[in-house]
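Hello,

Here is the structure for your files. My notes follow below it.

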Amino acid sequence: MRVSAAVLSALVAPSAAALSFFNGGAQKAITLDEDLKIPGESPLEHCPDRETKGYVDIKSVDLSPNPPLAGKELVIKANGTVLKTIEQGAYIELIVKYGYVRLLKTTADLCEQMDEVNMECPVKPGDRLITKTVELPKEIPPGTYHVEADVFAANGDRITCLTANVQFSLPGFDVMDGEL
């Protein structure tokens with residue numbers, strides 16, 4: 001099974017950059033989770049309580065538009081540094097939920113997905129800037145989606161774990177600052 005390019009496109013980059021989802025741009029109070037936030041214009045955060053083994057340093061992830069819109073192009077720009085070589089056998093455990101309902105739980109070969117961002121394994125250490133454009137389907141149902149991608153090296157070391165909450169609205173019924 002091929003995993004959606006909209007979900008994996010930025011994850012498979014050597015900078016393990018981003019999930020292709022958004023936060024709606026609303027300001028929020030500073031909380032403990034702010035320490036988990038990945039810089040940039042996206043809702044992407046590191047998973048809490050998941051130790052990584054120093055494979056990547058994600059500098060920033062930007063989505064345009066932010067928030068993404070069903071039926072429109074989404075441009076993902078990710079910037080980061082690969083610190084340790086990522087070899088064949090690396091994989092992603094991906095979970096997508098719609099509210100409390102699990103829509104997808106799958107494991108995908110990270111190196112097989114590298115074509116989505118014009119890269120291949122092994123990924124050697126160094127700086128990476130990745131830009132990926134994906135066409136989002138217009139049939140995305142409105143609601144809140146939770147995406148989690150846990151990325152592992154072939155030896156089982158955690159490369160990174162990323163999470164995001166995504167809110168799609170009905171066209172013409174966008175929620176602004178939490179109010180209708």
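First, a term: patches are made of residues with over 30% relative accessible area and no salt bridge, with like charges joined within 9 Å and nonpolar side chains (Val, Leu, Ile, Met, Phe, Trp, Tyr) within 5 Å. A salt bridge is a side-chain nitrogen of Lys or Arg within 4 Å of a carboxyl oxygen of Asp or Glu. Areas are Shrake-Rupley, 1.4 Å probe, and for residues only the protein chains shown count as cover.

The model is predicted: local features need pLDDT of at least 70, side-chain atom pairs count only at pLDDT 80 or more, and totals for chains, interfaces and linings use all residues. Residues are numbered from 1 along each chain as its sequence is written, and side-chain values use heavy atoms, without hydrogens and water.

Surface: Tyr98, Val101 and Leu103 form a nonpolar patch with about 270 Å² of accessible area together. Tyr98 sits in strand E4 (strands are DSSP E runs of at least two residues, helices H or I runs of at least four, numbered from the N terminus). Tyr98 has 31% relative accessibility, so it counts as partly exposed (buried is under 20%, exposed over 50%, partly exposed in between; 1.4 Å probe, protein chains only).

Sheet: three strands form an open antiparallel sheet, order E2-E3-E6. Strands pair if DSSP finds at least two bridges between them. E2 (56–64) and E6 (126–135) are the edges; each has a single partner strand, so one side of each lacks a neighbour in the sheet. Eight bridges join E2 to E3 (residues 73–82). Ser64 has Val75 in E3 as its bridge partner.

Regards
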